[in-house]
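Visitor: I am new to this structure. Please take me closely through one part of it, and then show me what lies around that part.

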Amino acid sequence: MPKKNKKALIFGITGQDGSYLAEYLAEKDYEVYGIIRRHSVAESQEARIDHLVSKGLVRTDYGDLLDSPSLYKLLALIKPDEIYNLGAQSHVRVSFDVPQFTLQTNMIGTLNLLEAYRSICPKAKFYQASSSEMFGNEIDEDGFQRETTAMKPVSPYGCSKLAAYCIVRNYRNSYNLFASNGILFNHESPRRGENFVTAKIARGAVSISKKLSSKLELGNMDASRDWGHSKDYVVAMHKILQHHEPDEFVISSKESHTVRDFCKEAFSCLGLNYEDYVVQNPKFMRPEELKELKGDSTKARKALNWEPEYNFKSLVKDMVDYWQREYDLKYD
Ligand code: NAP
Ligand code: F7E
């Protein structure tokens with residue numbers, strides 16, 4: 001890889017956000033490094049970043065947040081200027097099925113990385129992928145969640161992310177590290193995993209429009225989320241590390257829509273009425289549900305000069321258009 005200005009190391013580079021962040025940093029002339037894990041289906045391991053790896057814009061090495069020796073070795077080898085910790089078991093419903101694994105990966109994994117960071121490259125900057133799921137059902141009187149809102153998570157995933165958030169703050173204060181938390185509200189894209197609700201709806205609606213299926217089964221349709229686009233949110237991650245001091249920042253669209261609203265919008269992009277096709281299946285309900293998220297990102301918008309380009313409508317359209325192209329390639 002040719003020598004460039006700065007080196008960024010991304011944990012979670014094979015995921016939705018990691019892939020967009022890698023693209024964004026490569027465009028900014030960073031040397032971009034990423035950790036990959038061993039998968040049994042090696043062919044799909046780097047699917048989201050193949051286009052970057054094949055052009056030599058990203059270098060990947062095997063590693064794992066739960067394998068401390070690999071973390072020490074990679075930090076010593078790469079000597080990154082910026083470390084982005086996006087690695088996680090990120091599915092909230094699945095976190096009820098695998099709570100121990102979720103806490104190990106998201107909480108102990110973050111602690112492992114912080115330990116390696118403070119002993120090998122303490123001058124680097126560190127970004128932690130914290131989540132609006134940490135708030136649980138706490139809402140300020142004006143209906144928003146912000147940096148100062150109480151955090152009372154309602155899922156193993158939310159608990160794991162809150163513990164990681166706290167230990168990042170603790171290490172920043174104890175060891176004088178530039179370690180920041182981005183508290184990101186839901187963000188989606190064509191690269192979103194297909195078992196998250198937005199991708200499931202966009203894909204399901206397109207499949208129905210092409211008469212490849214006749215119904216879409218969902219869980220709680222009254223839950224409300226603050227949805228933005230991953231492409232916009234990775235810009236905020238980078239800006240958080242360029243700020244003059246480490247801090248906590250909420251990143252959100254400032255709007256909340258129900259799952260039902262998302263269905264309505266996605267099906268109407270295809271000239272269909274969602275009510276004719278969407279059915280509820282208790283299988284997709286959660287043992288405890290987070291009812292509504294609406295983030296106040298005023299602090300980040302002012303301090304970081306960050307504004308999203310996508311809104312709810314253009315996000316839904318981007319996802320539906322993507323799935324139309326995918327189905328056209330497969331079946332035409
Ligand atoms: P994602 O698509 O599920 O990607 C997660 C990434 O973490 C994958 O690259 C995965 O690798 C990696 N990973 C999992 N376990 C690991 C381990 N033990 N060691 C190293 N890497 C590991 O998630 P995303 O949507 O891009 O989200 C990125 C981060 O932001 C996550 O931490 C998530 O919890 C957080 N977040 C997401 C949202 C959102 O709405 N998307 C909102 C707030 C916070 P494999 O490909 O090998 O599984
Ligand atoms: O669910 C409801 C479900 O799984 C959204 C992660 O990126 O954002 C994400 O977590 C809502 C919930 O995302 C289905 O009950 C209904 O109320 O797309 P989701 P999430 O749980 O909000 C946070 C901020 C993160 O940090 C996480 O990493 O949709 N819902 N029916 C459904 N959800 C799914 N997955 N599948 C359904 O069939």
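**The surroundings of ligand 2**

Guide: In this predicted model, a polar side-chain atom of R192 lies 2.8 Å from an oxygen atom of ligand 2. Residues are numbered from 1 along each chain as its sequence is written, while chains are lettered from A and ligands numbered from 1 in the order of writing. Because the model is predicted, local features need pLDDT of at least 70, side-chain atom pairs count only at pLDDT 80 or more, and totals for chains, interfaces and linings use all residues; side-chain values rest on heavy atoms, without hydrogens and water.

S90 contributes through its backbone, where an N or O atom lies 2.7 Å from an oxygen atom of the ligand. The protein covers 95% of the 700 Å² of accessible area that ligand 2 has on its own, as found by the Shrake-Rupley method with a 1.4 Å probe.

The shell around ligand 2 holds 21 residues, of which S90, S131, K200, R286 and E289 come nearest; a residue is near if one of its heavy atoms lies within 4 Å. By class, this shell has eight nonpolar, eight polar and five charged residues, with Gly counted as polar and Tyr as nonpolar.

A backbone N or O atom of Q16 lies 3.0 Å from an oxygen atom of ligand 1. The protein buries 90% of the 900 Å² that ligand 1 exposes when taken alone. Among the 24 residues around ligand 1, the closest are T14, H39, D64, S90 and Y157. Strand β5 gives this shell its largest share, three residues; strands are DSSP runs of E with at least two residues, and helices are runs of H or I with at least four.

Strand β5 belongs to an open sheet of seven parallel strands, in the order β3-β2-β1-β4-β5-β6-β11; strands pair when DSSP finds at least two bridges between them. At the edges stand β3 (58-62) and β11 (248-251), each with a single partner, so one side of each has no neighbour in the sheet. Four bridges join β11 to β6 (residues 178-184), and L184 stands opposite I251. Helix α8 (residues 230-242) packs on the sheet, touching several strands, including β5 (125-131); contact here means heavy atoms within 4.5 Å.

Definitions and conventions:
Polar contact = N/O pair within 3.5 Å; in protein donor to acceptor, adjacent residues only side chain to side chain. Axes fitted to C-alpha atoms, helices over the stretch in contact; angles between N-to-C directions.
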